[in-house]
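This briefing walks through one protein chain, from its overall make-up down to individual side chains. Please keep the sequence and the structure in view while reading.

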Amino acid sequence: MTARATTAAVLVGLSMAAAPLFASDGILIVQQRTTGGATQTSRIQIEKTRMRADVPGPAGISQIVIFDSAAQVVRLM
């Protein structure tokens, strides 16, 4: 293979590998805390027009907060 063909092959490979990165439109943040032997997991999903947070509440029941910026509405569950 010539240097030009090798460079072209590498560029094609990199562009194919990077394509899924441009397809994502949100972020997921996960945090785990361990206190006294108990593990709690919190999750936050952020997209262009929405946000959702799952936070462990008292007695182990998960509290969910959803914000819809298009409708300007906050939902608590």
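Contact here means that heavy atoms lie within 4.5 Å. In this sense, and leaving aside neighbours within four places in sequence, Asp54 is in contact with Thr41, Ser42, Arg43, Ser62, Gln63 and Ile64. The model is a predicted one, and its secondary structure comes to one helix and five strands, which follow one another along the sequence in the pattern α-β-β-β-β-β.

**The chain as a whole**

- The protein chain has 77 residues, of which 6% count as buried.
- The chain exposes about 6300 Å², and carbon and sulfur atoms supply 63% of that area.
- When contacts between residues at least 6 apart in sequence are considered, the share that joins residues at least 24 apart is 0%.

**Strands β1 and β2**

- Strand β1 covers residues 26-35 and strand β2 covers residues 38-47; the two run antiparallel and are joined by 10 bridges.
- The hairpin of β1 and β2 has two residues between the strands, and in this hairpin Gly36 takes a positive phi near 60°.
- β1 is hardly covered, since the count of buried residues among its 10 residues is zero.
- Ile29, which lies in strand β1, stands opposite Ile44 in β2, and it also touches Ser42 and Arg43 when residues up to four places away in sequence are not counted.
- Ile29 has a relative accessible area of 43% and is therefore partly exposed, because this class lies between the 20% limit for buried and the 50% limit for exposed.

**The nonpolar surface patch**

- Ile27, Ile29, Ile44, Ile46 and Met51 make a nonpolar surface patch of about 390 Å², to which β1 and β2 each supply at least two residues.
- Ile46, a patch member placed in strand β2, counts as partly exposed at 35% relative accessibility.
- Two members of the patch, Ile29 and Ile46, are 17 residues apart in sequence and 8.5 Å apart in space, taken from C-alpha to C-alpha.

- Asp54 has its place in strand β3, which covers residues 50-56, and it counts as buried at 13% relative accessibility.

**Salt bridges**

- Side chains of opposite charge can pair when their charged atoms come close.
- A search of the whole structure finds two salt bridges.
- In one of them, the side chains of Glu47 and Arg50 meet at 2.5 Å, N to O; Glu47 is partly exposed at 33% relative accessibility, and Arg50 is likewise partly exposed, with a relative accessible area of 47%.
- Another salt bridge is formed by Arg52 with Asp54, whose closest N and O atoms are 3.0 Å apart, and the side chains of these two residues also make a polar contact at 3.0 Å.

**Strands β4 and β5**

- Strand β4 (residues 62-68) and strand β5 (residues 73-76) pair in the antiparallel sense over four bridges, and the bridge partner of Phe67 in β5 is Val74.
- The hairpin of β4 and β5 has four residues between the strands, and in this hairpin Gln72 takes a positive phi near 55°.

Note on methods:
Residues numbered from 1 in each chain as written. Predicted model: local features only at pLDDT ≥ 70, side-chain atom pairs only at ≥ 80, totals over all residues. Heavy atoms only, no water. Buried < 20%, exposed > 50% of the residue type's maximum accessible area, 1.4 Å probe, protein only. Polar contact = N/O pair within 3.5 Å; in protein donor to acceptor, adjacent residues only side chain to side chain. Patch = residues over 30% accessible without salt bridge, like charges linked within 9 Å, V, L, I, M, F, W, Y side chains within 5 Å. Areas by Shrake-Rupley, 256 points an atom, 1.4 Å probe, with all protein chains shown as cover. Salt bridge = Lys/Arg side-chain N within 4 Å of Asp/Glu carboxyl O. Pairing = 2+ DSSP bridges.
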